[in-house]
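Open your viewer and keep the selection tool ready. We will go from stop to stop.

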Amino acid sequence: MNRDERVLRALLSEYGQTYAEEAGIRLKDTPQPLYRLLVLALLLSARIRASVAVAAARELHKERLDSPRRMAGADWQQRVDALGRGGYRRYDERTATQLGDGAELLLDHWAGDLRRLHEEAHGDTGELRRLLQEEPGVGPAGADIFLREAQRVWPELAPYLDGKALSGAERLGLPKDPEKLTKLAGNAEPAVLAAALVRAALDKEVAEDCLRRAA
């Protein structure tokens, strides 16, 4: 086993969990978990700690705001309060509005089903990324987060390793080529690899821990 393989093994063994898993989302190619992932991607894309975004996503689920119809039908204050309980206070009011508007757009354009958005892209990843950004609050970063995680159920996207994941690879001294990274990771799912690399990009201590373990 070479140095790069040891680093990736350490990374995946300690930090190989998708953000959807952390948020309690059992991701499947069905409307509700895909919508919950979209909400999580929106929350994670703000300048806020990932742990806070995950906690806020869990609170929205507890409040049963886990489908476009329920989100659109909820009172604005109900959304604000759920976000606040998750610690998502800096952006809670704006995000509550975006969640309501986004749910209505999803219902109007794709009958509340992100699989229809997926079908509309006709297998074009760039078009899928563009369509996701029609959702209020979902910019390029949010679209990338969604696609990194969605490659678990939409495998034609794989390996989807965006700039943030590749910056994690760079911090670890690994190749910045998605195909090479996927090969080095062996049987690891691309979605798991992507999430682990992002954790290394976001937290210097994660990278340092992996490098120590691989030494």
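The model is predicted: local features need pLDDT of at least 70, side-chain atom pairs count only at pLDDT 80 or more, and totals for chains, interfaces and linings use all residues. Residues are numbered from 1 along each chain as its sequence is written, and side-chain values use heavy atoms, without hydrogens and water.

**The largest pocket.** Select Leu-44, Ala-46, Ile-145, Lys-164 and Leu-202. Of the 16 lining residues, these are the closest to the centre of the largest pocket. The pocket holds about 430 Å³ of space. (A pocket is an open set of points on a 1 Å grid where a 1.4 Å probe fits, with protein on both sides within 12 Å along at least five of seven lines; lining residues have an atom within 4 Å of a point.)

Now colour helix H10 (140-150) and helix H13 (190-202). Each supplies at least two lining residues. H10 gives the largest share, four residues. (Helices are DSSP runs of H or I, at least four residues, numbered from the N terminus.)

**A cis bond.** Go to Pro-159, in the loop between H10 and helix H11 (163-171). A cis peptide bond joins Ala-158 to Pro-159, with omega about -5 degrees.

**Positive phi.** Most residues other than glycine have a negative phi. Select Arg-64, between helix H4 (50-62) and helix H5 (68-73). Its phi is positive, about 65 degrees. Finish at Ala-111, in the loop between helix H7 (92-110) and helix H8 (114-120). Ala-111 has a positive phi of about 55 degrees.

How values were computed: Points joined across faces, edges and corners; volume = space filled by probe spheres on them.
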